[in-house]
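Colleague: I am new to this structure and would like to learn how to read it. Could you walk me through a few of its features?

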Amino acid sequence: MDIKLVSQAIAKFLGGLLMVGLLLFLPAGSFGYWQGWLLMGILFIPMFIAGLIMMKKTPELLRKRLDVKEQQAEQKTVIALSGVTFLAAFVVAGLNFRFQWIVLPAWVSWAAAVVFLLAYALYAEVLRENVWLSRTVEVQQNQKVIDTGLYGIVRHPMYMSTLLLFLSMPLVLGSVMSFIIMLAYIPIIAKRIRNEEKVLEDGLAGYAEYMKRVRYKVIPFVW
């Protein structure tokens, strides 16, 4: 077992758990924010299980997913904008609970939780299909074009799943205002995709032909 990888994964997991908890419960002013606990459960329990599976079966993929050292300036901007969006959405959700600005019925949170878990399953399938997935935009050694499974439907099924995840999160938290804030993720991810496809088209053999075969980027028949 790679002790360094295990230590890195545990540190990232606990750091994320603490950060999300602070962003939700400090603005909420209460640990009684049940939607916050709901999100923490559906976010971190599957994440923990997925981490254990990758640690055992595909440690190299886990190492790539933990690597967030983006080299390209344009992608660094995208990551920064995404971080600000998440920060704002989570804080506003907590404040919405504290001050009861717009109260959504409980079923909205539970329905959004179901969508979130389905998107998580989709995310897991993408990880299974593509062993070259990385959190940074790059062409890796011996990388090949994946054009089967979900990749035969859209060019970026990972972003399809993350779009569902990110847009369902504010509704799990019961916040319409956070949902509106999170819509900013759409142009942010569109910017990342434009840059990523240019890198892959220039550096990955067969990707230009793949783009011609698979028309849609994220959402079938839409985008």
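This is a predicted model: local features need pLDDT of at least 70, side-chain atom pairs count only at pLDDT 80 or more; totals for chains, interfaces and linings use all residues.

Colleague: Thanks! How many aromatic pairs are there?

Modeller: Rings of Phe, Tyr and Trp (its six-membered ring) pair if their centres lie within 6.5 Å; planes under 30 degrees apart are stacked, over 60 edge-to-face, and the rest tilted. The count here is 16 aromatic pairs. One of them is stacked: W34 and W110, with 5.8 Å from centre to centre and 25 degrees between the planes. This pair joins distant parts of the chain, 76 residues apart, with W34 in helix α2 (residues 34–57) and W110 in helix α5 (residues 106–129). Helices here are DSSP runs of H or I, at least four residues, numbered from the N terminus. Ring pairs also connect F25, F31, Y33, W37 and F97 into a cluster.

Colleague: Which residues does Q35 touch?

Modeller: Contact means heavy atoms within 4.5 Å. Setting aside residues up to four places away in sequence, Q35 touches F97, S109, V172, L173 and G174. Q35 sits in helix α2, and it counts as buried because its relative accessibility is 10%. The C-alpha atoms of Q35 and L173 are 4.8 Å apart, although 138 residues separate the two along the chain.

Colleague: How should I read the nonpolar core?

Modeller: In soluble globular proteins, nonpolar side chains tend to be buried together. A nonpolar core is a set of buried Ala, Val, Leu, Ile, Met, Phe, Trp, Tyr and Cys residues joined through side-chain atoms within 4.5 Å. The largest one here has 59 residues, and L24, L39, F90 and F116 touch the most other members. Elements giving two or more residues to this core include α1 (3–28), α4 (73–99) and α8 (185–203). Beyond its neighbours within four places in sequence, L39 is in contact with L24, F90, F116, M169, V172 and L173.

Colleague: And what lines the second largest pocket?

Modeller: On a 1 Å grid over the protein atoms alone, a pocket is an open set of points where a 1.4 Å probe fits, with protein on both sides within 12 Å along at least five of seven lines; lining residues have an atom within 4 Å of a point. Twelve residues line this one, and I53, M54, A124, L127 and R128 lie nearest its centre. Helix α2 gives the most to the lining, with six residues.

Colleague: Where is Q100, and what is its phi?

Modeller: Q100 lies in the loop between α4 and α5, and its phi is near 55 degrees, a positive value in a residue other than glycine. Phi of F221 is also positive, near 65 degrees, and F221 is in the segment after α9. F221 is exposed, with a relative accessible area of 71%.

Technical notes
Residues are numbered from 1 along each chain as its sequence is written. Side-chain values use heavy atoms; hydrogens and water are left out. Buried means under 20% relative accessible area, exposed over 50%, partly exposed in between (1.4 Å probe, protein chains only).
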